[in-house]
Amino acid sequence: MVVRRANMNDIDGINRLLIQVLKVHHDGRPDLFKALGKKYNDEQLKKIISDENTPVFVAMDDTGSVVGHAFCIFRLTENSNVLNTIKTLYIDDLCVDEKSRGKHIGSLLYDNVVDFARKSDCYNITLNVWSCNEGAMKFYKSCGLVPQSITMEKIL
């Protein structure tokens, strides 16, 4: 198993995973998430992959197939009246192919992101997780993440 920065040749594999991510979210919150589609189209993916401020990592199996990805975004909090200036690496999306789960690929991707964030002088790593995605919540807790803030809702 190899984790590396994504390139344009990985787009088909990433697309396959983005469809799986949407299905998980749709199954948990069909009132919010569409049944079909994906978070990014191919043009958006090309732009994201080529931007140094939005690093994307892929996990490749022994056959060269993409079996996981981690989309990240650098965020800099500065010029705030109340918050300290900090550099954060935000994990926008982390997914392991449903057929490859249970093989510690998610941990390998996450550890790679942590190493990258440290080398990039980040103060922390943040992410959002939907409360309906219990598997992801359990995984992130096992990685040592704790709630930083909580979004609440009341459906009207």
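## Exercises on helices, salt bridges and a buried strand residue

The crossing of α1 and α2 is right-handed. Keep in mind as you work that this is a predicted model.

**Exercise 1. At what angle do α1 and α2 pack, and which residues make the contact?**

*Solution.* 
- Step 1: Start with the axes. Those of α1 and α2 are 11 Å apart, and the packing angle is about 115 degrees.
- Step 2: Classify the angle. Angles of 65 to 115 degrees count as roughly perpendicular, so α1 is roughly perpendicular to α2.
- Step 3: List the contact residues. From α1 come I11, I14, N15 and L18, while α2 brings D42, L45, K46 and I49.
- Step 4: Sort these residues by type. The contact of α1 with α2 has five nonpolar residues, one polar residue and two charged ones.

**Exercise 2. Which parts of the chain does the pair D92 and K39 link?**

*Solution.* 
- Step 1: Find the distance. D92 and K39 form a salt bridge whose closest N and O atoms are 3.1 Å apart.
- Step 2: Locate both ends. D92 is in strand β4 (residues 86–96) and K39 is in the loop between α1 and α2, so the pair, 53 residues apart, links distant parts of the chain.
- Step 3: Compare the surroundings. D92 is buried, with a relative accessibility of 17%, whereas K39 is partly exposed at 44%.

**Exercise 3. Which residues are linked with R29 in a network of salt bridges, and is R29 buried or exposed?**

*Solution.* 
- Step 1: Name the members. The network links R29, D31 and E153.
- Step 2: Examine one of its pairs. Between D31 and R29, the closest N and O atoms are 2.7 Å apart.
- Step 3: Judge the accessibility of R29. Buried means under 20%, and R29 has a relative accessible area of 15%, so R29 is buried.

**Exercise 4. Where are N79 and H104, and are they buried or exposed?**

*Solution.* 
- Step 1: Begin with N79. This residue is in the loop between β3 (66–77) and β4.
- Step 2: Read its backbone angle. N79 has a positive phi of about 55 degrees although it is not a glycine.
- Step 3: Turn to H104. Its place is the loop between β4 and α3 (105–119), and its phi is also positive, near 70 degrees.
- Step 4: Apply the cut-off. Exposed means over 50%; N79, at 75%, is exposed, and H104, at 63%, is exposed too.

**Exercise 5. Where is I91, and which residues is I91 in contact with beyond its sequence neighbours?**

*Solution.* 
- Step 1: Find the residue. I91 lies in strand β4.
- Step 2: Check its accessibility. A relative accessible area of 2% makes I91 buried.
- Step 3: Gather its contacts. Leaving aside neighbours within four places in sequence, I91 touches F71, C72, Y110, V113, I125, T126, L127 and N128.
- Step 4: I91 and I73 are 18 residues apart in sequence, with C-alpha atoms 6.5 Å apart in space.

Notes: Residues numbered from 1 in each chain as written. Predicted model: local features only at pLDDT ≥ 70, side-chain atom pairs only at ≥ 80, totals over all residues. Heavy atoms only, no water. Salt bridge = Lys/Arg side-chain N within 4 Å of Asp/Glu carboxyl O. Buried < 20%, exposed > 50% of the residue type's maximum accessible area, 1.4 Å probe, protein only. Helix = DSSP H or I, 4+ residues; strand = E, 2+ residues; numbered from the N terminus. Axes fitted to C-alpha atoms, helices over the stretch in contact; angles between N-to-C directions. Parallel < 35°, antiparallel > 145°, perpendicular 65-115°, else oblique. Left-handed = near helix turned anticlockwise from the far one by under 90°. Contact = heavy atoms within 4.5 Å. Nonpolar A, V, L, I, M, F, W, Y, C, P; charged D, E, K, R; others polar.
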